[in-house]
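Subject: Structure for you to look at

Hi,

Here is the structure I promised to send over. Please open it alongside this note, and my findings follow below.

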Amino acid sequence: MSNHRDAASQNFLDTATTTALWLDQLGEIQQRPALDGNVDVDVAIVGGGFSGLWTAYYLRQLDPTVRIAIIEKHFCGYGASGRNGGWAEGGLAVGPEKYSQWSSMDAAMRLVHAMYDSVDEIGRVVRAEDIYCGYAKGGWIRLARNGPQDRRLRDEMAEPDAHGTLLSAEQARGYLNATDVRSGAYTPHCAAIDPARLVRGLADAVEREGVTIYEDTSVASIDERETEANIIRTNKGTVRADVVVRATEAYTRDLIGERRALLPVYSLMVATEPLPDAMFDEIGLADRPTFSDDRFMVIYGQRTEDNRLAFGGRGVPYLFGSAISEQAETHDDSHALIRETLIEMLPVIKDVQFTHRWGGVLGIPRDWVPGLRFDSASGLGVLGGYVGEGVAAANLAGRTMAELIHGEPTERTDLPWVGHTVRNWEPEPFRWLGVRSSRRILAAADDREYASDRDAKLAYRISKFLKGA
Ligand SMILES: Cc1cc2nc3c(=O)[nH]c(=O)nc-3n(C[C@H](O)[C@H](O)[C@H](O)COP(=O)(O)OP(=O)(O)OC[C@H]3O[C@@H](n4cnc5c(N)ncnc54)[C@H](O)[C@@H]3O)c2cc1C
């Protein structure tokens with residue numbers, strides 16, 4: 001990409017706040033006290049994002065006597081959970097075909113429906129716990145904006161149990177009046193939320209229920225049962241626990257021995273100032289559906305409760321050695337491109353101010369298949385690997401993890417993502433070479449499809465392969 005930016009783009013890069021919109025709007029975050037010495041609990045959860053907090057929430061609902069500690073390196077919501085696009089979407093990173101490979105299509109479809117239910121379940125809990133996070137179940141509008149996208153969307157929507165309903169160009173523009181719309185697909189199974197308010201509200205809720213949260217406490221290692229208990233070693237002391245749940249997603253690479261478990265990949269976002277109602281008369285998004293188009297390099301947007309557009313995309317190159325670097329969160333070229341992409345979709349916003357730009361890191365397992373597992377003999381549980389679609393998935397995974405720990409079978413504990421294991425990523429430099437070249441192929445394919453209206457077959461095969469179909 002060229003470094004010769006126009007003045008508006010450069011001004012945006014120079015002036016936008018680089019804290020996530022949602023965290024910025026919370027004001028100063030008071031960290032909870034750190035661990036101070038050694039403690040014994042029944043269940044210790046490493047990571048205070050959605051995965052860890054939902055596990056704690058449901059476990060206390062099942063057994064109010066269980067002693068739970070959450071250990072968080074920074075503050076609850078520091079990771080992807082406090083910075084994401086705010087789509088609580090009832091889909092997973094891979095389709096049911098993938099899960100049916102080791103179960104059955106019926107079982108995989110039960111997982112699909114459990115994911116749909118998780119969107120409503122989040123709505124139920126935010127009402128029950130009085131968590132104000134602007135939850136609006138307006139669905140998801142997905143646009144096809146060139147010939148290849150249109151053909152792919154039509155094929156996908158013709159499948160039995162498709163995740164959405166095909167719309168004509170006119171119907172799709174009724175949801176979002178973007179440029180070049182050829183067709184669209186709509187699913188009601190998605191809610192727009194303010195993720196930081198949800199994750200912080202959830203932390204308060206579990207604390208009210210009696211869970212202890214240690215913030216500013218970094219876990220170095222999780223050691224399997226030495227005698228009776230598992231041992232978590234932190235920079236502030238040791239936690240002994242019968243059960244330990246690892247909910248560290250992209251940051252798992254920092255735990256001793258886990259460098260290659262999940263690939264950390266950056267996703268970046270921008271947000272506009274609040275826009276006037278008259279502008280939304282032109283744009284649409286009346287019921288706040290989340291929106292995207294069907295390019296290979298994922299983009300995602302929402303109309304926030306205070307009438308901004310928050311919009312993101314992947315694009316920052318993978319960093320050698322699975323490095324995580326705060327610098328990557330403000331990658332100028334990616335932020336400039338994300339802003340330009342939104343303006344290209346909605347030219348009416350070309351003069352509005354973009355007030356925020358930020359990024360976060362998500363975790364990708366080697367097979368791209370999100371899942372969870374709990375071994376009752378060792379007392380170790382792991383959940384995540386959501387590939388950037390973890391807001392609703394972490395609710396279902398956390399609830400299921402709680403049920404597995406509690407030990408009573410439910411309609412969730414035998415879903416086909418339970419017990420899923422995955423091998424580690426390749427050592428470097430193979431990981432770097434593979435990830436960087438796939439990214440280059442997909443980005444180039446998007447450009448080619450827009451320019452030529454011809455299908456990029458290799459990119460399509462790669463993306464189908466990754467999604468397991
Ligand atoms: C920019 C962006 C946009 C996204 N948009 C969406 C979206 O719109 N919809 C969607 O479904 N998904 C989205 N995702 C993905 C989604 O946010 C994640 O899948 C989800 O939040 C994962 O939750 P988690 O609790 O598993 O992980 P995290 O939220 O990353 O939490 C992990 C926590 O563990 C802590 N931790 C890590 N290591 C240690 C340690 N050693 N010791 C102590 N604590 C530790 C971290 O500090 C962190 O708080 C997006 C992600 C990003 C980055």
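Let me begin with the overall layout: the centres of domain 1 and domain 2, taken over C-alpha atoms, are 27 Å apart. The chain is divided into domain 1 (7-25 + 137-192 + 263-365 + 428-467) and domain 2 (31-124 + 195-259 + 367-406), with bounds that come from an automatic or database domain assignment.

A word on the basis before going further. This is a predicted model, in which local features need pLDDT of at least 70 and side-chain atom pairs count only at pLDDT 80 or more, while totals for chains, interfaces and linings use all residues. Residues are numbered from 1 along each chain as its sequence is written, and side-chain values use heavy atoms, with hydrogens and water left out.

Back to the two domains. Between them, 37 residues of domain 1 are in contact with 36 residues of domain 2 (contact means heavy atoms within 4.5 Å). About 3,000 Å² is buried between domain 1 and domain 2, and carbon and sulfur atoms give 59% of that area. Buried area here is the accessible area (1.4 Å probe) that two parts lose on being put together, summed over both.

Now the ligand. There are 35 residues around the ligand, and S51, E72, S81, V219 and V391 come nearest; a residue belongs to this shell if one of its heavy atoms lies within 4 Å of the ligand. Each of domain 1 and domain 2 gives at least three residues to the shell. Helix α3 (50-62) and strand β16 (354-364) each supply at least two; helices (H or I, at least four residues) and strands (E, at least two) are DSSP runs, numbered from the N terminus.

- S51 has a polar side-chain atom 2.7 Å from a ligand oxygen atom.
- N84 places a polar side-chain atom 3.2 Å from an oxygen atom of the ligand.
- G388 has a backbone N or O atom 3.0 Å from a nitrogen atom of the ligand.

The protein covers 98% of the 1,000 Å² of accessible area that the ligand has on its own (Shrake-Rupley method, 1.4 Å probe).

Two backbone details to finish. V387, in the loop between β18 (380-384) and α11, has a positive phi near 55° although this residue is not a glycine. The peptide bond from E428 to P429 is cis, with omega near 10°, and P429 is found in the loop between α11 (391-406) and α12 (430-452).

Best wishes

Conventions: A polar contact is a pair of N or O atoms within 3.5 Å; within protein, one must be able to donate a hydrogen and the other to accept it, and residues adjacent in sequence count only if both atoms are side-chain atoms.
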